[in-house]
Amino acid sequence: METLLSRTLNGFPTFMCFWTVFCSGCHGGEMDFIFDAESYGNIYSNKSNLNGFCERKMKVSSMDLWSVSTEDVIAEFPIDPIKENYVRRVKSCIFSLVYPTPFTSAVQLVAVSEDVLENLLDLHLSVAETNAFLQFVSGGKTMPGSVPLAHRYGGHQFGAWAGQLGDGRAHLIGTYINRYGERWELQLKGSGRTPYSRSGDGRAVLRSSVREFLCSEAMHYLGIPSSRAASLVVSNDAVWRDQFYNGNLKKERGAIVLRVAKSWFRIGSLEIVAQYGEIDLLRELVDFIIEEHFLSISRSDPNKVLAFFSSVVSQTANLIALWMSVGFAHGVCNTDNFSLLSITIDYGPFGFMERYDADYVPNTSDDGGRYKIGNQANVGMFNLNKLLVALKPLMDTRQRQLASQVLGGFPDLYYQRFTELFRAKLGFLGEREQDLTLIASFLNLMEDTKPDFTMTFRQLSEITREQLQNLSIPQEYFALYDLSQHKKFPDWVALYLQRLKSSPGDSDPERRQRMTGINPIYVLRNWMAESAVRKAEMNDFSEVHLLQKVLRRPFHAQKIAERAGYSQRPPSWAKEVKVSCSS
Ligand code: AMP
Ligand code: MG
């Protein structure tokens, strides 16, 4: 059993050994007190949820009737006293005041998210047709009274402290409290240089912006916590990029995504103030984040920092398990790309694994494979350790020890959530002793036969119990068919069917319904995004719109998607698609 457990995680390898090594070290601390994360609640929430109800806002059809502001942020935090926009080392503040740089050429709207506009921002879709909207989402015009801000953060990149990073091409253009009382932070990405641009041009190109726009929305519809994307615009402004860092500089076009999240604070937001010894600022920022986003933690609780840490640990475990459940590799799991609210942010060279491969690395610039899919839980723990280091100045000795124990519990939390998700992916009701074996051996079969990850689970969701029993796998179930070529497949099927039978009253149609509701048929494969990008670069945005539409319902078979081949084996050219950090 032990071997099989290791094998389960072997499917997503190195995690188990890391767990063993880490835990033997961290349990050296006091063991008489077990920190009870449950009593604090692990689910963050937004306090505006409670406050905003009295406001009774309505959806509006004109930008004149709508506004956002950064006033609350400016009132809350120390702001960089220097107002000129030049690259510098910024000290003792959380934000710098800086305006977007408008494009010099005409701007076109590529796409909007109806859901974000209508349900997060209280804007009727028709607003997107107005010039005022285009101006707003392209950084051409800011709201009266709202001073855009760039956030100062640092981070560990590929394992090493990288110093000051910050919003080098993003502007927080305002916060908005909607009719449900939710507070959303609106950020333009690709909107020009800031004090944090280092040697960058402050711009983002169309290809990476299409990918971020589509994937952040797709993740939301897969049920995975993510930043959202309200709109995507493209200009004719030239942006020069060496896409594969091979000296082949090419002219591309500047684009801007309007991104929306409850908060854009990252692990790196706390790291920078801690690294530079700005402890009062660290305390202020942590207090703000707890008060605003971790409602279940009382501000007067002497253990609040520990409770906050505990919550981030468990929510990060949840997020990474969810990524694994859909075969998502973020690509650049640096601490500056890890949200303190444990939502997926900063989409770059991400990828959805196609052929099952725990060593899948989506980012061609990641030579060492540090951020391969099978290492995401490990780097999650690495990043949480960096968070712990940043928070230590706010904790006493005992709290630090307890926090180390909490971090030591990360592998268990991750493993539990991973198991829960894969149990559901296999259609199991309740828990049985043999579940771990069944999950582990299923992943082993996948490891050996390398079928398409998404479609294997989907086709297992669609096939009938009878077909399985007879081992008659229709050829159109290509991924499951590939898997069925394994000599141990019949044995696995027998155990699987036995397990399904152990839930009295569960029918096969019910099982299939459950499974098709959790195993998506459509994910944003790199080749799909690439095809949409190639057309978008020729000003044909039809495929962006098609993908947007399809990925809103990733669990439902759709004719338009079937015609496009989205649930088929990837086309042969898919193998050639490469994604780098260049964006
Ligand atoms: P990313 O790899 O997109 O997470 O970015 C890492 C850091 O580099 C962040 O501080 C970004 O703001 C900054 N950055 C990335 N691209 C650019 C760019 N074109 N101009 C300025 N800063 C950038
Ligand atoms: Mg980033």
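Which residue forms a salt bridge with Glu 543, and how far apart are the closest N and O atoms? The partner is Lys 535, and the closest N and O atoms are 2.5 Å apart, where a salt bridge is defined as a side-chain nitrogen of Lys or Arg within 4 Å of a carboxyl oxygen of Asp or Glu. This is a predicted model, in which local features need pLDDT of at least 70 and side-chain atom pairs count only at pLDDT 80 or more, while totals for chains, interfaces and linings use all residues. Residues are numbered from 1 along each chain as its sequence is written, chains are lettered from A and ligands numbered from 1 in the order in which they are written, and side-chain values use heavy atoms, with hydrogens and water left out.

**Salt bridges**

Across the whole structure, a search finds 33 salt bridges, and the table sets out three of them.

| Pair | N to O distance |
|---|---|
| Glu 543 and Lys 535 | 2.5 Å |
| Arg 512 and Asp 508 | 3.3 Å |
| Arg 183 and Glu 292 | 4.0 Å |

To describe their surroundings, a residue is called buried under 20% relative accessible area, exposed over 50% and partly exposed in between, with a 1.4 Å probe and protein chains only. Glu 543 is buried because its relative accessible area is 12%, whereas Lys 535, at 34%, counts as partly exposed. Salt bridges that share partners also join Lys 189, Glu 212, Arg 259, Arg 266 and Asp 346 into one network.

Arg 512 and Asp 508 are 4 residues apart in helix H20 (residues 508-516), so about one helical turn separates them; helices (H or I, at least four residues) and strands (E, at least two) are DSSP runs, numbered from the N terminus. Arg 512 is partly exposed at 24% relative accessibility, and Asp 508 is buried at 12%.

Arg 183 lies in strand S7 (residues 183-189) and Glu 292 in helix H10 (residues 279-293), so that their pair links distant parts of the chain, 109 residues apart. Arg 183 has 3% relative accessibility and therefore counts as buried, and Glu 292 is buried as well, at 6%.

**A buried charge without a salt bridge**

Asp 336 sits in the loop between strand S11 (328-329) and strand S12 (351-352). Asp 336 is buried yet has no salt bridge, and the nearest side chain of opposite charge, that of Arg 266, is 5.6 Å away; here Lys and Arg count as positive and Asp and Glu as negative, while His and the chain ends are not counted.

**Pocket and cavity**

Rolling a probe the size of a water molecule over the atoms shows where empty space is left. On a 1 Å grid over the protein atoms alone, a cavity is a set of points where a 1.4 Å probe fits but cannot get out, a pocket is an open set with protein on both sides within 12 Å along at least five of seven lines, and lining residues have an atom within 4 Å of a point.

The largest pocket has a volume of about 980 Å³. Of the 40 residues that line the largest pocket, those closest to its centre are Gln 157, Arg 169, Arg 198, Cys 581 and Ser 583. Helix H8 gives the largest share of this lining, 3 residues.

There are 6 cavities of 30 Å³ or more, and the largest cavity has a volume of about 120 Å³. Helix H8 again gives the largest share of the lining of the largest cavity, 3 residues.

Technical notes: Points joined across faces, edges and corners; volume = space filled by probe spheres on them.
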